[in-house]
Amino acid sequence: MLRLTRAQARRIAVRAQLLEAERPTDLVATVRHLTLLQLDPTAAIAPSADLVAWSRLGSTYRPAQLRGALEVDRTLFEHNALVRPMSDVGLYLAGAADWPPWEKARRWLADNDRFRHDVLDRLGEAGPLTSREIPDTAAVPWSSTGWTHQRNVTQMLEFLMMRGEVAVSGRVGRERVWDLAARVYPPGVEVPSVDAAERVKNERRLRSLGIARATGTATPVEPSIVGDVGERAVVEGVPGEWRVDPGALETVDEELAGRTALLSPFDRLVHNRTRALELFDFDYTLEMYKPAAKRRWGYYALPVLHHDRLVGKVDARADAKAGVLRVDAVHEDVPVGAAVRRAIHAEIEDLAAWLGLDRVDLA
């Protein structure tokens, strides 16, 4: 059983997320290492996927690179609101033919088998298409208490994506464009067994996180647990057992060549709020769903990393019409000193420049 200090655990996590001083230089290689970029419609500053790429690659990154990799080069693909490397597509097709796992969804698909074939035929003849360009021929409407209620075409496309029959071909603005999977994914994709795919996904997830729990509470979209892969470890002062990427142990005692970075609220370094609290003493909640009067840090506050510590949040929003990055507050969770404040403000200025904004307005 490995025994790690919290400082060692933090260094492992930061290195694994490519947030050292030496930046990566290639978008696709970066996504391949991170395993994903999460798509989210909120763009108070910039879309989360672009913020995550910028925080790694710096201002040489342009959103057009992501669109090109998804829609032209096909080196990345979109699946279930995540961008992943196309080299991993087989992992997410494993077991697809048996999806969905829920009886209600299975019944709905069975009742709408003619509708399913109508969608596939329409895409085959006229694709790629947006959902609004596909006729709704559902025999039984989709029933939900959420936003998908009676959105039959959208729900069918989502199901067929998870079954590996259709895929997201691109986007027009925020609207997805769909096509047959065979025209989006490369030919001859090797699809492993479900068990083999799960193990590889756990190994890749652990490599991208550096340190993670073997088991825990299920999380939507992407798990934060890794099963029995990696090396067993305990972290000083933190109850319970962890798993550590074996490759991370080679540099565990080396000093971190760190930097200051502004992170997306959906960044994988902070996405698991419990892990962030246990390893970094970092308390964070995404507050855009709270009334303004109840927010502590802001609508879309950006976590601030300095070397191996998460030291605060930047409450900012981009005002494209005025050409201004408006910073309502820079919250310091711990005393940081003048040098770190200058580094944070330099990152804020860099963010504004990357966004093409003329100036920063500090409240």
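Reader: Which residue stands opposite V304 in β12?

Author: In this predicted model, the place to look is the pairing of β11 with strand β12, residues 302-306, which runs in the antiparallel sense over three bridges. Within this pairing, the residue that stands opposite V304 in β12 is L262.

Reader: In what order do the five strands form the open sheet, and which are the edge strands?

Author: The pairing in this open sheet is mixed, and its five strands follow the order β11-β12-β13-β14-β15. From one strand to the next, the twist averages 30°. An edge strand here pairs on one side only, and the strands for which this holds are β11 (260-262) and β15 (359-362).

Reader: How far apart do the C-alpha centres of domain 1 and domain 2 lie?

Author: The domain assignment of the protein gives domain 1 as 1-74 + 196-362, in two stretches of numbering, and domain 2 as 95-183. Six residues of domain 1 are in contact with four residues of domain 2, while the C-alpha centres of the two domains lie apart by 33 Å.

Reader: Which residues of domain 1 lose the most area to domain 2?

Author: The size of an interface is often given as the accessible area lost when the parts come together. Between domain 1 and domain 2 the buried area is about 370 Å², with carbon and sulfur atoms giving 29% of it. On the side of domain 1, 80% of what is buried comes together from P41, E71 and R74.

Reader: How many residue pairs are in polar contact across the interface of domain 1 and domain 2?

Author: Salt bridges between domain 1 and domain 2 number zero. For polar contacts across this interface, counting pairs with both residues at pLDDT 80 or more, the number of residue pairs found is three.

Notes
Residues numbered from 1 in each chain as written. Predicted model: local features only at pLDDT ≥ 70, side-chain atom pairs only at ≥ 80, totals over all residues. Heavy atoms only, no water. Pairing = 2+ DSSP bridges. Helix = DSSP H or I, 4+ residues; strand = E, 2+ residues; numbered from the N terminus. Axes fitted to C-alpha atoms, helices over the stretch in contact; angles between N-to-C directions. Domains from an automatic or database assignment. Contact = heavy atoms within 4.5 Å. Buried area = accessible area lost by both parts, 1.4 Å probe. Salt bridge = Lys/Arg side-chain N within 4 Å of Asp/Glu carboxyl O. Polar contact = N/O pair within 3.5 Å; in protein donor to acceptor, adjacent residues only side chain to side chain.
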